[in-house]
Amino acid sequence: MSTGSHSLFSPLRLPAFRGLWAGSAIYFTGNAMQVMAASWLMVELTGSSFLAALVQTAVFLPMFLLALPAGVMADTTDRRKLILRALAVQVGVMLVLALLALLGWAGPATLLLFTFAAGCCTALLSPAWNTSVADTVPREDMPQAITAMSIAWNSARAIGPSIAGFVFAWLGAGWVFGLAVLSAVVMMQAVRRWPPAEHAKSPLPAERLWTGTVAGLRYARHSPMILAQLLRTVAYSGAGSALWALLPAIASQQLQLGAAGFGFLMGCLGTGAVAAGLVLGKLRARLGLERLVAAGCFLFAGVMVVSAFVRIPAVVFVALAIGGAAWMAVMATFNTATQSSAPPWVRSRAVALHTVSALGSFAIGSAFWGAVSGLAGLGVALGLAAIAMVAGILLARPFPLRMGDTQEVTPVSLWEETFIQDQPLPDDGPVSVEVGYRIRAGEAQEFLHAVSQLRASRRRDGASLWRVYRDLGDPSRYVERFIVASWSEYLHQRSRATLADREVEARVREFVQEGEPVTMQYYIAER
């Protein structure tokens, strides 16, 4: 894939991207302030590192539960309405939490419940938001745009907790939650000013929530690029969640810091991430994906070891800045690779699955490492997490990373009719499709190798079963057969073909005898 210029300023020159970037930066800052205030309030109320870690779980577990359905809705419905409605609910939830905190009625259960509700709103809007922002820039600027958004998010994690720490110490948690409400309102105005582009019109029936969810999971399962990126993300985020989840305990128990000190610790992570984002394009071009990810894993593991055993605040501050840079470099690389490897029809679902992989494992990992810390201590929990982080590098051999090529994500623009006299109803099925080839003598093995390349795309785009058969009555004739759940699903499968898929089909047809047509037959289940 062409990466164009490595400059972050390329996408920021576009007014729509610049406006959405600024709105999201404010929104992310408000969210970071809310999380910091909830975490520290939990420490003050209970003194429990496990309950403090559960705040992170309450923030990110909704991503695990809702991101994929939200991705389906983002791919198939009006993204503007989806984002605005989720933000409106979030504003209401945070207003109530702010009032409860100001009145002194926000206990541990209340904090977790309202933090979870706000996290659900963020989960519902995230896939639509991410793909909407990516759509505002040319494809060659997508890596820079994703990096710029990552900088906004990590800047928020640097600035937000620091601001929240001072506001918390001065005015209390309720005012911090109130500022988070204002940030969501700013985000709403940005979406109204620069609404997402509408989906391209299609003659096909819209995908339903369940079938769209299955389609997204199937695509990830049968796309080697997407699957590798998701598995690598799970491993990295799950191990790295230990540091983020146990940071309140590190601040209070290890370094004897207050709310402002805890905010500064989080700010160090965010500052390092921003610094890495400014040079990430050049680093990625120079080192390549795998070397960059490996370096990030080693650095972050080292930071966890320092945080576990060093009690000098200044040393930990510097280490956390390095850790933030490593986290940014690796996670932005995974995110860019995922978005660049998915065609438009499933891109929001690919983003959602990246979110599920990153934040779902983050939420589960936060609870796990919090429990380990409670049973064995901070040092043991962070040391084991560092070992797990380094071990994740071994996944590079079975699951290598790469960016998708333009041919692999560009859909075929021409819609082909099926030439069937009596069209089945959309829900009729299952449907069996047979493609017949009569090939030249002596080229059977070469043909079978070529036609096998169709398996991944057929399964990825809708087929539940796929096989190639040889006609026992005619050794030159082979039949490719695959089964799709319904007629509607088959039509969707045809519309999902990319330029790369068509090239594979063309190579298969090169083996067909001259003058012999490639036949297609359709069968629909009756019993």
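Reader: Which residue meets the side chain of E516 in a salt bridge?
Author: This is a predicted model, in which local features need pLDDT of at least 70 and side-chain atom pairs count only at pLDDT 80 or more, while totals for chains, interfaces and linings use all residues. Residues are numbered from 1 along each chain as its sequence is written, and side-chain values use heavy atoms, with hydrogens and water left out. The structure holds 16 salt bridges, each defined as a side-chain nitrogen of Lys or Arg within 4 Å of a carboxyl oxygen of Asp or Glu. In the pair that includes E516, the N to O distance is 3.5 Å and the partner is R438.

Reader: How many residues apart in sequence are the parts that E516 and R438 tie together?
Author: Helices (H or I, at least four residues) and strands (E, at least two) are DSSP runs, numbered from the N terminus. E516 lies in the loop between helix 20 (499–509) and strand 4 (519–524), whereas R438 belongs to strand 1 (residues 431–438), so the separation of the tied parts is 78 residues.

Reader: Are helix 14 and helix 15 parallel or oblique to each other?
Author: Axes are lines fitted to C-alpha atoms, for helices over the stretch in contact, and angles run from 0 to 180 degrees between N-to-C directions. Angles under 35 degrees count as roughly parallel, over 145 as roughly antiparallel, 65 to 115 as roughly perpendicular and the rest as oblique. The axes of helix 14 (residues 347–376) and helix 15 (residues 378–391) are 7 Å apart, at an angle of about 140°. The two helices are therefore oblique.

Reader: Which residues of helix 15 meet helix 14?
Author: Contact means heavy atoms within 4.5 Å. On the helix 14 side the residues are W369, V372, S373 and A376, and on the helix 15 side they are L378, V380, A381, L384 and A385.

Reader: At roughly what angle do the axes of helix 9 and helix 10 cross?
Author: In this pair, L243, W244 and A245 in helix 9 meet L247, P248 and I250 in helix 10. The axes of helix 9 (residues 224–245) and helix 10 (residues 247–254) come within 5 Å, and their crossing angle is roughly 40°.

Reader: Where is P430, whose peptide bond from G429 is cis?
Author: The bond from G429 to P430 has omega near 5° and is cis. As for its place, P430 is in the loop between helix 16 (406–409) and strand 1.

Reader: What is the phi of Q256?
Author: Q256 is found in the loop between helix 10 and helix 11 (259–287). Although Q256 is not a glycine, its phi is positive, at about 55°.
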